[in-house]
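Colleague: I am new to this structure and would like to be taken through it in questions and answers. Could you start with the terms you use?

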Amino acid sequence: MQSRNFRVADRARLLTNGESSTGRLNSNVRERFYKIQLQQRSSLNLSLSGLQANANLELLDRQGKLLSRSNQPGRTNETLSYSGEPGTYYVRVSRQQGKTRYQLRVNQEAAQPKGMVIPLAIPAAPDPIVQSVLDLTNQYRAQARLAPLSWNPVLTATALAHSQDMAFNDYFSHRGSDGSSLFDRLRVGGYRYDSAGENIAAGYATAEGVMAAWMNSPGHRANILDPDLKELGVGFFLLDQDPGTVQARYYWTQNFGTPG
């Protein structure tokens with residue numbers, strides 16, 4: 001199957017960034033291939049719309065290996081996103097039943113370069129998933145008769161930057177892709193502290209799941225229940241199409257601090 005796809009795809013039409021292509025699938029033409037060239041590490045977004053019958057959308061590498069697929073039922077539009085390294089990729093539009101016209105659109109955005117630290121964006125208020133982690137943290141602290149932690153926007157910004165750095169640069173560690181420690185990142189962010197701590201996690205889709213994991217780990221639990229810590233920032237980042245070695249998709253960081 002892959003070798004057949006690759007031979008057909010070798011004659012595929014090249015699609016450039018922002019370009020759309022229309023086509024038709026029927027009993028005689030069951031699939032069409034398109035070629036995409038990435039000149040740099042990029043986020044690739046594909047959409048297949050205008051369907052009158054069921055069709056699927058797939059992204060393949062130059063050997064024909066499936067990288068991502070969208071196979072919604074019926075005439076539902078198909079969309080997929082993928083973060084890819086420079087190189088040649090192929091898009092396969094395939095008929096599932098009936099006959100249909102379609103419009104295929106491709107968009108590319110330059111991805112975060114490897115080893116580059118994500119710039120801080122200071123939030124004005126916690127978003128819902130951050131608020132959920134803060135609330136759960138304080139519930140556990142209340143059970144231990146400890147004072148609640150206050151939300152801190154700078155701690156949240158540094159936590160989010162570290163979660164994004166792990167996702168984009170394909171690693172799982174307290175040490176950043178630039179070699180920075182938590183304390184380095186807090187100093188760069190302008191957070192003056194007497195004490196600080198950090199929890200990280202990957203692969204948990206919900207606030208409840210990640211908090212349960214942290215509470216079942218002695219080191220992480222110690223940070224959550226540290227009576228000397230006063231403030232908390234939470235960074236959650238979802239890399240929906242995670243092509244790296246880690247492939248956790250969900251990346252979490254808790255940054256704790258006591259202002260100094």
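Modeller: Helices (H or I, at least four residues) and strands (E, at least two) are DSSP runs, numbered from the N terminus. This is a predicted model, in which local features need pLDDT of at least 70 and side-chain atom pairs count only at pLDDT 80 or more, while totals for chains, interfaces and linings use all residues. Residues are numbered from 1 along each chain as its sequence is written, and side-chain values use heavy atoms, with hydrogens and water left out.

Colleague: In which loop does Asp170 lie?

Modeller: Asp170 is not a glycine, yet it has a positive phi of about 60°. Its relative accessibility is 25%, so Asp170 counts as partly exposed, a class between buried (under 20% relative accessible area) and exposed (over 50%), with a 1.4 Å probe and protein chains only. The loop that holds Asp170 is the one between α3 (153-169) and α4 (182-189).

Colleague: And what is the relative accessibility of Arg249?

Modeller: Arg249, placed in the loop between β12 (231-238) and β13 (250-259), also has a positive phi, of about 70°, although it is not a glycine. Arg249 counts as partly exposed because its relative accessibility is 31%.

Colleague: How are the ring planes of Phe183 and Tyr193 arranged: stacked, edge-to-face or tilted?

Modeller: The structure holds four aromatic pairs, where rings of Phe, Tyr and Trp (its six-membered ring) pair if their centres lie within 6.5 Å, and planes under 30 degrees apart count as stacked, over 60 as edge-to-face and the rest as tilted. The ring centres of Phe183 and Tyr193 are 5.8 Å apart and their planes stand at 40°, so the pair is tilted.

Colleague: Is Tyr250 buried or exposed?

Modeller: The rings of Tyr250 and Phe236 have their centres 6.3 Å apart and their planes at 20°, so they are stacked. With Phe236 in strand β12 and Tyr250 in strand β13, the pair ties together parts that are 14 residues apart in sequence, and ring pairs link Phe236, Tyr250 and Trp252 into a cluster. The relative accessible area of Tyr250 is 17%, and Tyr250 therefore counts as buried.

Colleague: With which side chain does the side chain of Glu58 make a polar contact?

Modeller: Glu58 is found in strand β5 (residues 55-61) and counts as buried because its relative accessibility is 7%. A polar contact is a pair of N or O atoms within 3.5 Å; within protein, one must be able to donate a hydrogen and the other to accept it, and residues adjacent in sequence count only if both atoms are side-chain atoms. At 2.9 Å, the partner of the Glu58 side chain is the side chain of Arg69.

Colleague: Finally, what share of the 260 residues counts as buried?

Modeller: The chain has six helices and 13 strands, and its C-alpha atoms fill a box of roughly 70 × 35 × 30 Å, taken along the principal axes. Of its 260 residues, the share that counts as buried is 45%.
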